[in-house]
Amino acid sequence: MAKEIIYGIRAVMEAIQGGRDLERVLISENLKGNLAKELQDLIREKDITFKKVKPERIDWATKNNHQGVVAYLPPVEYHNIEKVVEDLMELGKEPFVLILDGITDVRNFGAIARTAECAGVDAIVLPEKGSVSVTSDAIKTSAGALFRVPVCREKNLYYVLRHLKDRNFTVAAASEKGDIDYRKAEYKGSVALIMGAEDKGVSGQLLKLADAHVSIPIHGEIGSLNVSVAAGVLIYEVLRHRD
């Protein structure tokens with residue numbers, strides 16, 4: 001899947017100032033001058049991922065007059081979770097939102113998105129930092145589901161959850177140490193389900209906001225499920241309650 005790019009110092013600056021969502025920016029190691037400094041200051045101000053690379057890397061990205069700068073656009077448009085929820089509620093729906101806290105494996109993400117689409121999840125929320133993003137590999141693994149389920153990248157998941165709780169969402173967090181069997185929890189009305197990374201789990205800050213810490217019983221010796229498998233189990237349990 002070819003990535004869409006923007007090239008040239010001023011073009012990239014205008015994209016940033018216009019609020020375009022950029023996946024990352026590549027800057028030639030040889031780039032100098034006041035305008036180049038202004039660009040880098042703007043990138044840092046907006047907290048955009050960037051990398052300084054050899055000039056040949058920029059040439060490989062495009063043969064056009066790039067001026068030593070190339071910005072990659074994400075393959076899908078990211079949404080705002082507050083707007084997604086508001087639009088759904090105006091239609092009389094009780095949204096089902098999946099929050100992925102710190103998941104970095106692209107294939108797990110794609111597999112989770114595929115299950116989410118099949119189960120009718122209304123939106124997937126990712127943090128901007130320390131998380132997977134929508135890439136061509138993720139889209140392939142999702143079988144195209146990432147084109148169909150709104151994906152939201154938010155700066156602070158804590159404030160996202162606070163907003164959802166203010167909208168009367170039931171919040172369930174998956175945790176190996178959860179004190180409630182996932183089959184005995186209640187998933188009433190609008191639901192937000194939080195899945196964490198396999199190594200760290202859901203962050204303590206988000207656990208404090210959850211109405212329930214749910215766990216999946218493990219009877220073998222390995223001790224935990226792959227996060228995409230666990231997500232599938234919990235997503236369909238929520239779906240069962242909603243049906």
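Leaving aside neighbours within four places in sequence, Ile235 is in contact (heavy atoms within 4.5 Å) with Phe96, Leu98, Thr115, Ala116, Ala119, Val121 and Leu193. This is a predicted model, in which local features need pLDDT of at least 70, side-chain atom pairs count only at pLDDT 80 or more, and totals for chains, interfaces and linings use all residues. Residues are numbered from 1 along each chain as its sequence is written, and side-chain values use heavy atoms, with hydrogens and water left out.

**Nonpolar cores**

A nonpolar core is a set of buried Ala, Val, Leu, Ile, Met, Phe, Trp, Tyr and Cys residues joined through side-chain atoms within 4.5 Å. The largest has 38 residues, of which Leu98, Leu100, Phe109, Ile124, Met195 and Ile235 touch the most other members. Helix α9 (227-242) is among the elements that each supply at least two residues of this core, and α9 gives the largest share, 7 residues. Apart from this core lies another, of 24 residues, including Val85, Leu157, Tyr158 and Leu161.

**Helix α1**

Helices (H or I, at least four residues) and strands (E, at least two) are DSSP runs, numbered from the N terminus. Buried denotes under 20% relative accessible area and exposed over 50%, with partly exposed in between (1.4 Å probe, protein chains only).

| Residues of α1 | State |
|---|---|
| Ile9, Val12, Met13, Ala15, Ile16 | buried |
| Arg10, Glu14, Gln17 | exposed |

In α1, Ile9, Val12, Met13, Ala15 and Ile16 are buried. These residues lie on the same side of α1 because they cover an arc of only 160 degrees around the axis, taken from the directions from the helix axis to the C-beta atoms. Their cover includes β1 (5-7), α2 (34-45) and β4 (69-72). Just after α1, Gly19 adopts a positive phi of about 85 degrees.
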